[in-house]
Amino acid sequence: LQRHEAYQEQMKLKVEAEKAAELEKAEFKAQPIQTEDKFVCKYVEERPLTEVEEFNMPGQFFHEHAQRQLQKKKQQLAQNDRKSSNFVARPKPVFKKKRLDIHSSKPLTAAGSPQFASKARIAKRKAFDERMKQKMAAEEAKRAAEAAAQKAAEEEEIKAIRKSMEFKAKPINFNMPAEPRQNHVEPKPLTTPLTPEFQTAKRAMLRSLNPME
């Protein structure tokens, strides 16, 4: 009982301590008001103002170079325009040439009618056409002769087949004797039938001798 009472007292004290801690956490505590700014420096040294200077950029150099090149180009174009505006006439051309009297030692060329190859080509073409006509006629005659020979051979074969298919009776032989023909039969013994020897009887006998198999 004493131990139980002591345990109960400890539990009450623990619960009261937890409640007191919760109440302390729940209480609002305001922070003090800041009257001075700790980030502001009270003592500032007097310094001269910063002088503004132009940036030394590489683009400025390229810009000036491009401007100079543009000015030079404009001056050259203006000079070319002035030169083109001044008309300068060309000198008059001289078309007459001095005559040179030079005598040639070559004989004069004899004029003659031109000889064209068309007539020779016509004659060659005509001869070629004649040869081709003769060749075609010879080939046609050869084909006709071969066809006629083949047709004649076929007709001869058909005639030979028809002759072989005709029935020709044999002539009667009157010199043969009138006796009837006799058939001579050789006497042979009759065949004796035998019982076939199957292996079933032998197997049955072996099985009777060895029943364990």
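Analyst: A residue is called buried under 20% relative accessible area, exposed over 50%, and partly exposed in between. The structure under discussion is a predicted model.

User: Why is Met-205 called partly exposed?

Analyst: Met-205 has a relative accessibility of 48%. Met-205 is found in helix α4, which spans residues 200–209.

User: What makes Met-205, Leu-206 and Leu-209 a nonpolar patch?

Analyst: A patch of this kind requires residues with over 30% relative accessible area and no salt bridge, with nonpolar side chains joined within 5 Å. Together, Met-205, Leu-206 and Leu-209 have about 310 Å² of accessible area on the surface.

User: How much confidence does the predictor assign to the protein, and to α4?

Analyst: The mean pLDDT of the protein is 81, and 86% of its residues reach 70 or more. Confidence is lowest in α4, at a mean of 74, and highest in α3, at 91. Where pLDDT is low, the predicted coordinates should not be read in detail.

User: What makes the contact between Arg-125 and Asp-129 a salt bridge?

Analyst: The criterion is a side-chain nitrogen of Lys or Arg within 4 Å of a carboxyl oxygen of Asp or Glu. For Arg-125 and Asp-129 the N to O distance is 3.6 Å, so the pair qualifies as a salt bridge. Because these residues are four apart in helix α3, about one helical turn separates them. Asp-129 has 31% relative accessibility and therefore counts as partly exposed.

User: How many salt bridges does the structure hold, and how do you know that Glu-140 and Arg-143 form one?

Analyst: The structure holds two salt bridges. Between the side chains of Glu-140 and Arg-143 the N to O distance is 2.6 Å, and because the limit is 4 Å, this pair meets the criterion. Both residues lie in helix α3, three residues apart, which is about one turn of the helix. Glu-140, at 46%, and Arg-143, at 43% relative accessible area, are partly exposed.

User: What describes the protein as a whole?

Analyst: The protein has four helices and zero strands, and from the N terminus its elements run α-α-α-α. Of its 213 residues, 0% count as buried. The accessible surface comes to about 25100 Å², of which 57% belongs to carbon and sulfur atoms.

Key: Residues numbered from 1 in each chain as written. Predicted model: local features only at pLDDT ≥ 70, side-chain atom pairs only at ≥ 80, totals over all residues. Heavy atoms only, no water. Patch = residues over 30% accessible without salt bridge, like charges linked within 9 Å, V, L, I, M, F, W, Y side chains within 5 Å. Areas by Shrake-Rupley, 256 points an atom, 1.4 Å probe, with all protein chains shown as cover. Helix = DSSP H or I, 4+ residues; strand = E, 2+ residues; numbered from the N terminus. Buried < 20%, exposed > 50% of the residue type's maximum accessible area, 1.4 Å probe, protein only. pLDDT = per-residue confidence, 0-100.
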